[in-house]
Amino acid sequence: MIRVLVADDQALLRGSFRVLVDTAPGFTVVGEASTGAEAVAAVERDRPDVVLMDVRMPDMDGIEATRRICAAPDVSGTRILMLTMFDLDSYVYAALRAGASGFLLKDTPPQELLAAIRAIAGGDSLLSPSITRRLIAEFVTRPAVPRPATRELEGVTAREREVLTLVGKGLSNTEITERLRISPATVRTHIGHLREKLRARDRAQLVIVAYESGLVAVSSG
């Protein structure tokens, strides 16, 4: 059973999401929150697998709430799916940088939303190549972003750096397989090692590392 917390400042939307999730086989809503602060407290109390997190909320916005949740070691198993009424804009970078595992519009069809929750609960990220490219575009338009020293990549092998570079450029596993002429299983193994070595929660975080470490040049976007 996938345990879900719904965080949104609009009661009608919270109710709609609750009904959708609670009536779907294999899902249950364990709590609701109307502010970011309430979401942080509810995660600590209810330990959900996935939080449906609104971006704009009073008291504390969804991005700050996500940052606090993802920084708390005792709830490290909780994944965040950001929801917004707006198209993929400047919130994407901030949300993923804060630790979110995915980003969807609130008008996403019900079955797609449930599939997204299931994928994120299973450890995947909801970051398609097209969204990755828009994330890159957002990164490129930012003023000079301080880049951490390349020591972040210590322990990463040459082949893993190649894979990380291609992940950062928005390539899918299939495309990486074709580009490097290696098997799909090998690609998955490399990505697993990268996540472990770089302490990345999911693929979305690997994209952030690829750019902020300077491994992928801004001009590549």
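Visitor: Why does Leu153 count as buried?

Guide: In this predicted model, Leu153 has a relative accessibility of 2%, and since buried means under 20% relative accessible area, Leu153 counts as buried.

Visitor: Where does Leu153 lie, and which residues does it touch?

Guide: Leu153 lies in the loop between α6 (129–141) and α7 (158–168). Not counting residues up to four places away in sequence, Leu153 touches Arg161, Leu164, Leu198, Val209, Ser213 and Leu215. Leu153 and Ala210 are 57 residues apart in sequence, and from C-alpha to C-alpha they are 9.3 Å apart in space.

Visitor: What makes α7 roughly perpendicular to α9?

Guide: The axes of α7 and helix α9 (residues 184–198) cross at roughly 90° and come within 10 Å. Angles of 65 to 115 degrees count as roughly perpendicular, and therefore α7 is roughly perpendicular to α9. On the side of α7 the contact is made by Arg159, Glu160, Val163, Leu164 and Val167, and on the side of α9 by His190, Ile191, His193, Leu194, Lys197 and Leu198. Sorted by class, this contact of α7 with α9 has 6 nonpolar, 2 polar and 3 charged residues.

Visitor: Why is α2 called roughly parallel to α3?

Guide: The helices α2 and α3 pack at an angle of about 20°, and their axes are 8 Å apart. Because angles under 35 degrees count as roughly parallel, α2 is described as roughly parallel to α3. The residues that make the contact are Gly36, Ala39, Val40 and Val43 of α2, together with Ala65, Arg68 and Ile69 of α3. By class, the contact of α2 with α3 has 5 nonpolar, 1 polar and 1 charged residues.

Visitor: What makes up the largest nonpolar core?

Guide: The largest nonpolar core has 27 residues, and those with the most contacts inside it are Ala7, Val51, Met53, Ile63, Ile80, Met82 and Phe103. At least two residues of this core come from each of β1 (2–7), α2 (36–46), β3 (50–54), α3 (62–71), β4 (79–84) and α4 (91–98). The element that gives the most to this core is α4, with 5 residues. Apart from this core lies another, of 21 residues, among them Leu153, Leu194, Leu198 and Leu206. In soluble globular proteins, nonpolar side chains tend to be buried together.

Visitor: Which residues is Val51 in contact with, leaving aside its neighbours within four places in sequence?

Guide: Leaving those neighbours aside, Val51 is in contact with Leu5, Ala7, Val43, Thr78, Arg79, Ile80 and Leu81.

Visitor: How do you know whether Thr84 is buried or exposed?

Guide: The relative accessible area of Thr84 is 2%, and because buried means under 20% and exposed means over 50%, Thr84 is buried. Thr84 lies in strand β4, and, leaving aside its neighbours within four places in sequence, Thr84 is in contact with Val55, Phe103, Leu104, Leu105 and Lys106.

Visitor: How many helices and strands does the chain have, and what share of its residues is buried?

Guide: The secondary structure of the chain comes to 10 helices and 5 strands, and buried residues make up 49% of its 221 residues. Among contacts in the chain between residues at least 6 apart in sequence, 68% join residues at least 24 apart.

Note on methods: Residues numbered from 1 in each chain as written. Predicted model: local features only at pLDDT ≥ 70, side-chain atom pairs only at ≥ 80, totals over all residues. Heavy atoms only, no water. Core = buried A, V, L, I, M, F, W, Y, C linked by side-chain atoms within 4.5 Å. Buried < 20%, exposed > 50% of the residue type's maximum accessible area, 1.4 Å probe, protein only. Helix = DSSP H or I, 4+ residues; strand = E, 2+ residues; numbered from the N terminus. Contact = heavy atoms within 4.5 Å. Axes fitted to C-alpha atoms, helices over the stretch in contact; angles between N-to-C directions. Parallel < 35°, antiparallel > 145°, perpendicular 65-115°, else oblique. Nonpolar A, V, L, I, M, F, W, Y, C, P; charged D, E, K, R; others polar.
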